[in-house]
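Let's take a walk through a protein structure together. Have a look at the picture first, and then we will go through it step by step.

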Amino acid sequence: MTLLLTVFAAVITTAIWYQKNDKTLQLGLLCWMFWGASIMWFVDAVFEYIELRADYFTPALEDMINDSFLGLSVIALALVIWIVVLLIKDPRGVIKNRLKK
Amino acid sequence: MACFIVPGAEAIVVTAAALILKQREAKKALPKPTGVPAGSMQSEAKQGFSRKLFWLASLLWGGVVLLAFEHLWHGEVQPFFPFLTAATEGAGAVSEMLAEMASVGVTMAVLVTAIWVGMLVVSRIIEKRPAAQAEAQA
């Protein structure tokens with residue numbers, strides 16, 4: 001579930017990045033984070049599949065809930081990192097203008 | 001257990017290499033002629049290989065940060081010394097951790113790098129595309 005949620009986040013973020021084509025939004029940072037994590041968790045999933053075989057696709061409900069919660073937390077963490085970087089870099093000068101007022 | 005340490009180590013090396021390369025590219029760039037708008041030389045320098053090396057660094061760092069959080073979540077990493085939980089669980093756990101780093105961690109680093117190489121190939125094709133289209137129209 002963590003891998004699935006991260007892949008969805010990566011695809012959605014990349015689509016928005018492509019559509020907006022706006023460097024000031026720093027969406028590239030989110031894309032790199034989600035794709036990097038997706039690739040690494042994919043490797044993790046492959047190794048787990050080699051170990052568990054078919055059982056990999058039938059996880060216990062408790063594990064699935066925990067993994068989903070983790071996936072959402074990972075997305076939240078990435079979003080927090082992105083917004084902090086965006087506000088610190090302040091490419092549009094919004095914060096700077098507010099502080100000057 | 002600590003598989004993200006391998007791509008993390010690669011990320012440090014790649015970032016250092018990209019920063020050194022960026023400095024060299026900036027030095028190699030011709031001195032700014034008068035009348036050229038500020039930033040245009042900088043953007044030309046950014047088109048160098050260092051920029052593409054930063055792609056790999058970004059992929060690695062992004063993955064490492066989120067995976068570190070996952071390991072913290074599962075209690076495999078702790079925010080205090082010795083940082084890796086396995087280090088406090090005896091030699092068996094340490095050897096298991098090292099085996100996982102050698103298998104999963106190395107595969108992660110190799111796959112991320114392989115995907116980056118694929119990105120280089122695709123970007124090269126995309127960069128050449130307008131020239132090819134212009135030639136076809138001529």
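Which pattern does chain B follow when it is read along the sequence? Chain B follows the pattern α-α-α-α, with 4 helices and 0 strands. Please keep in mind that this is a predicted model.

Now turn to chain A. Chain A also reads as α-α-α-α along its sequence, and it has 4 helices and 0 strands. Chain A has 101 residues, and 30% of them are buried. Chain B has 138 residues, with buried ones making up 33%.

In chain B, 76% of the contacts with a separation of 6 or more are between residues 24 or more positions apart.

Next, look at the place where the chains meet. Here 21 residues of chain A are in contact with 23 residues of chain B. The area buried between chain A and chain B is about 2,000 Å², and carbon and sulfur atoms give 85% of that area. Three residues deserve a click in your viewer: A:Trp32, A:Ile39 and A:Met40 supply 36% of the area that chain A buries against chain B, more than any other three residues.

What kinds of residues does chain A bring to this meeting place? The side of chain A that touches chain B divides into 17 nonpolar, 3 polar and 1 charged. Across the interface of the two chains, the count of salt bridges is 0, while 2 residue pairs are in polar contact. As for the helices, H2 (27-52) and H3 (61-89) of chain A each supply at least two residues of the side that touches chain B. The largest share, 13 residues, comes from H2 of chain A.

B:Glu70 is found in helix H3 (residues 49-73) of chain B. B:Glu70 touches A:Trp41, A:Asp44 and A:Leu70, if we leave out residues up to four places away in sequence. Is B:Glu70 buried or exposed? B:Glu70 is buried, yet it has no salt bridge.

In one of them, the side chains of A:Arg92 and A:Asp22 meet, with N to O at 2.4 Å. This pair links distant parts of the chain: A:Arg92 is in the loop between H3 and H4 of chain A, A:Asp22 is in the loop between H1 and H2, and the two are 70 residues apart. A:Arg92 is exposed, with a relative accessible area of 53%, whereas A:Asp22 is partly exposed at 25%.

Another salt bridge joins B:Glu127 and B:Lys52, with the closest N and O atoms 3.0 Å apart. Here too the pair links distant parts of the chain, 75 residues apart: B:Glu127 is in helix H4 of chain B and B:Lys52 is in helix H3 of chain B. B:Glu127 is partly exposed, with 46% relative accessibility. B:Lys52 is buried, because its relative accessible area is 13% and buried means under 20%.

Finally, let's visit some details of the backbone. Most residues other than glycine have a negative phi, and most peptide bonds are trans. A:Asn21 has a positive phi, near 45°, and sits in the loop between helix H1 (2-20) and H2 of chain A. A:Asn21 is exposed, with a relative accessible area of 69%. A:Asp90 also has a positive phi near 45°; its place is the loop between H3 and helix H4 (94-100) of chain A. At 16% relative accessibility, A:Asp90 counts as buried.

The last stop is in chain B, where a cis peptide bond joins B:Phe81 and B:Pro82, with omega about 5°. B:Pro82 lies in the loop between H3 and helix H4 (91-137) of chain B.

Conventions. Residues are numbered from 1 along each chain as its sequence is written. Chains are lettered from A and ligands numbered from 1 in the order in which they are written. This is a predicted model: local features need pLDDT of at least 70, side-chain atom pairs count only at pLDDT 80 or more; totals for chains, interfaces and linings use all residues. Side-chain values use heavy atoms; hydrogens and water are left out. Contact means heavy atoms within 4.5 Å. Buried area is the accessible area (1.4 Å probe) that two parts lose on being put together, summed over both. A salt bridge is a side-chain nitrogen of Lys or Arg within 4 Å of a carboxyl oxygen of Asp or Glu. A polar contact is a pair of N or O atoms within 3.5 Å; within protein, one must be able to donate a hydrogen and the other to accept it, and residues adjacent in sequence count only if both atoms are side-chain atoms. Ala, Val, Leu, Ile, Met, Phe, Trp, Tyr, Cys and Pro count as nonpolar, Asp, Glu, Lys and Arg as charged, and the others, Gly among them, as polar. Buried means under 20% relative accessible area, exposed over 50%, partly exposed in between (1.4 Å probe, protein chains only). Lys and Arg count as positive and Asp and Glu as negative; His and the chain ends are not counted.
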